[in-house]
Every structure is written in C-alpha cells, then in structure tokens.
Amino acid sequence: MSVAQRRKQVMLVVGEASGDIHGAHLVEALLQRDPDLSLFGVGGEQLQKLRFDALVSVSRLAAMGLVELAGNIKNLWNAYQLLRRALRERKPNLLVLIDFPDFNLRLARSAKRLGIPVLYYVSPQIWAWRKGRVRQIARWVDRMAVVFPFETRF
C-alpha cells in the first residue's frame with residue numbers, strides 16, 4: 001500500500017486531565033473534517049469516549065508530587081518505550097502533543113528523527129518557567145498552538 005493510499009493517522013499524547021479535555025475537543029474537530037482519520041496515543045476518560053485508540057491511559061502517567069513521581073518512573077518509561085515503538089511501526093502523519101513537556105519533548109525528538117511532523121497543541125508555559133526550553137522546542141517541534149496571545153513572540 002502506498003503512502004497516499006494509507007489511512008491518515010494522528011498520534012496524540014496528553015499527560016493530565018485538562019489535556020485530555022483539550023485533546024477530546026481537538027479529536028472531535030478533526031473527525032468532523034475527516035471521519036476516516038485514525039487517532040491513537042495517550043488519553044484519558046474524555047478521549048476514550050471518542051473514536052480514539054488509547055495505547056496508554058493518562059491515569060498511568062499522571063503524578064503530582066516527587067514521591068508519586070518516583071513511584072511512577074517505571075510506568076513513564078514503559079509508556080515512553082511503547083509510544084516510540086508506535087511511532088516507528090505506525091508512522092503517523094502527525095504527532096500532536098498536549099502539555100506534559102518533560103515527557104512530550106523527548107517523544108518529539110524521536111518523531112523528528114523519524115520524519116514525523118510535530119504539533120505542540122497547548123504549549124508548555126515556557127514564559128513562566130524554564131525559558132531555556134524554547135531551544136528544545138524550536139529543534140523538535142514544527143508548529144506550536146498557543147493559548148495566550150503574548151505567547152506568540154516566544
């Protein structure tokens with residue numbers, strides 16, 4: 001099957017409940033434009049109500065404090081490996097990342113190395129913290145969708 005004949009696929013990765021809500025709105029809009037679109041990745045309750053193939057539940061990734069994070073490192077690593085494998089094997093037409101920057105920017109790097117375009121939907125708040133991260137974003141992200149008008153200059 002040629003690339004042109006292959007069903008279009010979008011991999012979407014969210015890292016928390018608010019990202020799940022934003023992702024669900026995005027998926028609804030995408031499916032209205034292209035009902036044949038295949039969507040998969042990391043999602044929570046909202047995305048799983050839609051036609052979305054959740055390879056990993058966001059509940060397995062979410063960790064708030066340092067203690068919770070330390071206990072969740074194995075889940076994060078396993079999810080990261082599974083998603084990298086999905087990028088290689090399924091070769092989606094686009095990787096959409098929502099928030100969750102420490103995890104998602106690493107995944108963006110893998111996607112770029114495979115020639116998969118990356119859209120950061122609801123950008124990390126680089127203006128509020130870790131401004132040096134903007135160089136990473138510039139290197140690994142093709143397009144950034146921002147929420148606040150002043151974020152455009154970043």
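Tutor: We begin with a definition: a residue is buried if its relative accessible area is under 20%, and exposed if that area is over 50%. The model before us is predicted. Of its 154 residues, 39% count as buried.

Student: Why is Leu12 called buried?

Tutor: The cut-off is under 20%. Leu12 has 2% relative accessibility, and therefore it counts as buried. Leu12 is found in strand β1.

Student: Which residues is Leu12 in contact with, leaving aside its neighbours within four places in sequence?

Tutor: Contact means heavy atoms within 4.5 Å. By that test, the partners of Leu12 include Gly23, Leu26, Val27, Phe40, Leu47 and Val96. As for Gly23, it lies 11 residues from Leu12 in sequence and 7.6 Å from it in space, C-alpha to C-alpha.

Student: What makes Ser110 and Asn72 buried?

Tutor: The same cut-off of under 20% is applied. Ser110 has 11% relative accessibility, so it counts as buried. Asn72 has 7% relative accessibility, so it counts as buried too. Ser110 is found in helix α4, and Asn72 in helix α3. Leaving aside neighbours within four places in sequence, Ser110 is in contact with Tyr80, Arg84 and Leu87. Asn72 and Arg60 are 12 residues apart in sequence, with their C-alpha atoms 7.9 Å apart.

Student: How many helices and strands does the protein have, and in what order do the elements run?

Tutor: The protein has 5 helices and 6 strands. From the N terminus on, the elements run β-α-β-α-β-α-β-α-β-α-β.

Student: In what order do the strands of the sheet lie, and is the pairing parallel or antiparallel?

Tutor: The sheet is open, has 6 strands in the order β3-β2-β1-β4-β5-β6, and its pairing is parallel. The edge strands are β3 (53-57) and β6 (143-145), for each of these pairs on one side only. From one strand to the next, the twist averages 15 degrees.

Student: How do you know that β1 and β2 pair?

Tutor: Two strands pair if there are at least two bridges between them. β1 and β2 have 5 bridges, in the parallel sense. Among the residues concerned, Val10 has Leu39 in β2 as its bridge partner. The test can be repeated for β5 (residues 118-121) and β6, which pair in the parallel sense over 3 bridges. Here Leu119 has Arg143 in β6 as its bridge partner.

Student: Why is β2 described as largely enclosed by the rest of the structure?

Tutor: In β2, 6 of the 6 residues are buried, so the strand is largely enclosed by the rest of the structure.

Student: How do you know that the length of α4 agrees with that of a helix at 1.5 Å a residue?

Tutor: The expected span is 1.5 Å times one less than the number of residues. For the 13 residues of α4 this gives 18 Å; the end C-alpha atoms are 18 Å apart, and therefore the two values agree. Helix α1 has 17 residues and reaches 25 Å from its first C-alpha to its last, close to the 24 Å expected.

Student: Which residues of α1 are buried, and what covers them?

Tutor: Gly19, Asp20, Gly23, Ala24, Leu26, Val27 and Leu31 are buried in α1. Their cover includes β1, β2, α2 (45-48), β4 and β5. In α4, the buried residues include Pro101, Phe103, Leu105 and Leu107. Just after α4, Gly115 takes a positive phi of about 80 degrees.

Student: What makes a group of residues a nonpolar core, and how many residues has the largest one here?

Tutor: The members must be buried residues of the nonpolar kinds, such as Leu, Val or Phe, joined through side-chain atoms within 4.5 Å. The largest such core has 41 residues, and those with the most contacts inside it are Met11, Leu12, Val13, Leu95, Leu97, Phe103 and Leu107. At least two residues each come from β1, α1, β2, α3 (66-90), β4, α4, β5 and α5 (133-140). The largest share, 6 residues, comes from α3. In soluble globular proteins, nonpolar side chains tend to be buried together.

How values were computed
Residues are numbered from 1 along each chain as its sequence is written. This is a predicted model: local features need pLDDT of at least 70, side-chain atom pairs count only at pLDDT 80 or more; totals for chains, interfaces and linings use all residues. Side-chain values use heavy atoms; hydrogens and water are left out. Helices (H or I, at least four residues) and strands (E, at least two) are DSSP runs, numbered from the N terminus. Axes are lines fitted to C-alpha atoms, for helices over the stretch in contact, and angles run from 0 to 180 degrees between N-to-C directions. Buried means under 20% relative accessible area, exposed over 50%, partly exposed in between (1.4 Å probe, protein chains only).
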